[in-house]
Amino acid sequence: MKKIVVLGAGYAGILTAKKLEKKFRKMKMDSEVSISIIDRHPFHTMLTELHEVAAGRVEEDSIRISLKKVFAGRNVEIITDTISQISIEEKKLTGSLGEYEYDYLVLAAGSKPTYFGVEGAEEHSYKLWSYEDAVLLKERIHQVFRQAACEPDEAEKRRLLTFYVVGAGFTGVEMAGELAEYVPFLCEEYEIDPSLISMHNVDVLKRAVPILPEKLSGKVEKRLAKMGVKVMMETGVTAIGKDFIELNQNGRKNRYPAGTVIWTAGIESADITGEAAKTLESVGRGRIQVDSFLRAKDHEEVYVVGDNMMYVPQGEEIPVPQMVENCEQSAHTAAHNMVCAISGSGAMEEYKPSFHGVMVSVGGRYGVARVGLPNLMFNLCSFLAMLSKHFINVIYFIQVLGWNKVWSYVRHEFFTVRNCRSFLGGHFSNRTPSFLLVPLRVWLGAVWVFEGVMKVVEGWMDQPMLSGFFGGANQFFNNILAPYGITGIGGAAPSADAVSSATTAAADAVASATGAATEAVSSGVAVFSYHILGLIDATLVSSKGLSHSTLSDYAFKLDFAPMNWFVNTVILPNGGLQLFMQRGIVIAEILIGLALMAGLFNFLSSAASLVLQFMFVCTTGLYLNTFWMIFAGIAILIGGGRTLGLDYYFMPWLKKKWRKLPFIRKWYLYND
């Protein structure tokens with residue numbers, strides 16, 4: 001059995017392990033190969049989202065993904081250990097808990113901050129490169145606000161509330177933006193005058209995020225300045241102390257008081273990669289030189305992916321960037337080539353990355369992006385840039401944890417977002433107490449039970465009655481309204497003259513005619529057509545000799561061609577099938593109603609309620625006085641049964657049982 005060890009559970013590591021397992025399983029070689037992934041944490045960390053936790057926008061668990069969940073139902077061994085030595089010659093890893101031999105090694109240990117020899121930087125600054133870093137920084141921010149709130153000396157108060165973010169790359173800009181967005185809420189919470197806050201973003205570079213076009217870099221700097229961050233470019237940091245930062249400005253060293261210094265100025269390969277570099281050829285800050293197949297030079301059993309690799313693609317002048325998209329694409333190439341090497345089949349492929357751009361967010365409401373194809377890139381800013389960020393994250397989460405993580409991400413980014421800190425402005429954030437929906441849920445259920453019981457009383461369980469039931473709407477439109485000149489029947493829109501005449505006859509009418517629209521498939525067959533009867537003024541009603549009750553019988557009917565065909569050719573000609581359908585409708589209405597009233601299977605019963613409404617609007621039309629049932633079904637669709645309902649007890653129990661099913665765990669068809 002060939003032993004594959006993936007060292008590191010970062011972006012590149014977990015994707016490589018998942019792709020390897022899937023490929024070998026498809027080739028039915030999973031019994032011939034063992035795959036292990038080793039990391040010092042039992043979870044994968046979303047490094048690109050650390051700033052959101054540090055600045056209190058999302059909960060800590062939103063950036064932490066359990067490795068057990070990622071590899072559930074997959075033939076991958078998860079080992080939690082800290083590797084301290086790598087023996088390339090002996091093909092062995094040594095950790096604090098044991099030794100691990102391998103036939104093939106995937107080096108994906110990631111990176112760590114580099115301090116460029118700045119005095120005191122490592123000891124006195126807060127870094128942002130791990131889950132622990134984000135949690136620690138979050139606590140630090142709250143700590144200085146608590147201290148400042150109780151500090152009587154204004155000078156010391158100002159020092160405590162002075163923040164320096166060193167580094168104006170992706171991480172630095174995003175951290176500065178999140179902090180600036182968070183500060184007003186902290187000032188309100190701790191009753192601190194906002195004028196006492198001082199925020200700086202410092203970098204020796206000429207402009208922020210230099211990988212972006214100059215125009216977008218300018219937008220980033222302007223946004224930070226607008227949020228109260230002083231952007232200090234072409235400014236070096238020479239020393240950091242417990243309560244100060246020393247800057248090199250135009251060749252002069254100046255020392256300033258500082259409460260919190262956040263270091264995001266650069267990265268280098270992790271320590272364990274440095275151990276491997278003693279044997280393998282390395283370049284720059286510990287990155288391992290690889291060939292076009294992502295193998296370490298002179299060691300074809302060692303593959304290097306993600307941040308640890310040093311590779312200049314053919315035709316390019318600079319190495320591949322240390323970013324997530326490189327991790328994703330290198331994981332694919334390394335997994336493919338390793339399978340070819342072990343199985344002896346197929347041709348290896350050279351690594352030819354095709355990057356689709358970069359994006360940086362400045363807080364939760366604004367961002368800029370440069371996206372597209374290698375030869376066709378374009379700029380995005382504000383709403384579209386933030387939308388692209390979330391779309392890219394969702395694509396990544398689908399690969400890692402499927403529906404489980406996608407739902408979790410959407411929930412904490414849109415539905416439970418704090419302080420409206422979202423590019424949607426918090427409009428979708430859940431603020432209404434769910435217990436206020438209980439009366440609506442119970443009443444909707446009672447109406448469904450009433451509808452079902454009345455159908456039983458009318459004889460729906462005994463004899464076919466669907467012909468009259470389904471034909472009622474058409475008879476109403478064609479036999480009652482048409483003779484009075486109210487058109488719009490069968491999808492035909494009334495003429496402009498007819499509308500004008502109706503308007504003249506009823507000067508105060510709200511809407512006196514019907515409209516129609518048709519959507520056609522490629523064959524030209526009408527799939528949808530609408531019958532809409534608007535609100536008709538009393539003047540028009542009296543002029544036609546009709547009553548309000550007559551005209552309000554039907555307000556909306558949707559002709560759906562497939563549904564019409566099914567009803568007319570399958571159901572109506574068969575009395576036995578009609579009776580079966582009738583009984584099914586009656587039973588469904590009563591069960592849906594009882595479930596809603598009890599708050600049991602609320603999502604399914606609400607969804608079934610909407611399905612029934614759709615069926616009715618396609619066959620009989622909807623009454624004006626039943627339109628509310630559609631909106632009620634939507635309102636209580638998610639979470640409406642967890643308050644004062646049986647779902648409060650039943651759903652947690654069901655979720656525990658559901659998650660234990662192998663198929664469900666493997667395909668992540670659950671949410672935490």
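## Close-up views of a predicted model

In this chain, residues 24 or more positions apart account for 67% of the contacts with a separation of 6 or more, where contact means heavy atoms within 4.5 Å. The model is predicted, so local features need pLDDT of at least 70 and side-chain atom pairs count only at pLDDT 80 or more, while totals for chains, interfaces and linings use all residues. Residues are numbered from 1 along each chain as its sequence is written, and side-chain values use heavy atoms, with hydrogens and water left out.

**View A. The whole chain holds 22 helices and 30 strands.** Helices (H or I, at least four residues) and strands (E, at least two) are DSSP runs, numbered from the N terminus. Of the 672 residues, 49% count as buried. Buried means under 20% relative accessible area, exposed over 50%, and partly exposed in between (1.4 Å probe, protein chains only).

**View B. Here is the largest nonpolar core, with 126 residues.** Such a core is a set of buried Ala, Val, Leu, Ile, Met, Phe, Trp, Tyr and Cys residues joined through side-chain atoms within 4.5 Å. Look for Ile 4, Ile 86 and Phe 145, which touch the most other members. Helix 11 (residues 383-415) gives the largest share of this core, 11 residues. A second, separate core of 20 residues includes Leu 444, Leu 466, Met 563 and Met 629.

**View C. Helix 1 (residues 11-26) and helix 11 cross at roughly 55°.** Their axes, which are lines fitted to C-alpha atoms over the stretch in contact, with angles running from 0 to 180 degrees between N-to-C directions, come within 10 Å. The two helices are therefore oblique to each other: angles under 35 degrees count as roughly parallel, over 145 as roughly antiparallel, 65 to 115 as roughly perpendicular and the rest as oblique. On the helix 1 side, Tyr 11, Ile 14, Leu 15, Lys 18 and Lys 19 meet Tyr 396, Gln 399 and Val 400 of helix 11.

**View D. Ser 606 sits in helix 19 (residues 602-619).** Ser 606 is buried because its relative accessible area is 0%. Apart from neighbours within four places in sequence, Ser 606 is in contact with Leu 596, Gly 633, Ile 636 and Leu 637.

**View E. Asp 647 belongs to helix 21 (residues 647-659).** With 3% relative accessibility, Asp 647 also counts as buried. Not counting residues up to four places away in sequence, Asp 647 touches several residues, among them Gly 599, Phe 601 and Arg 642.
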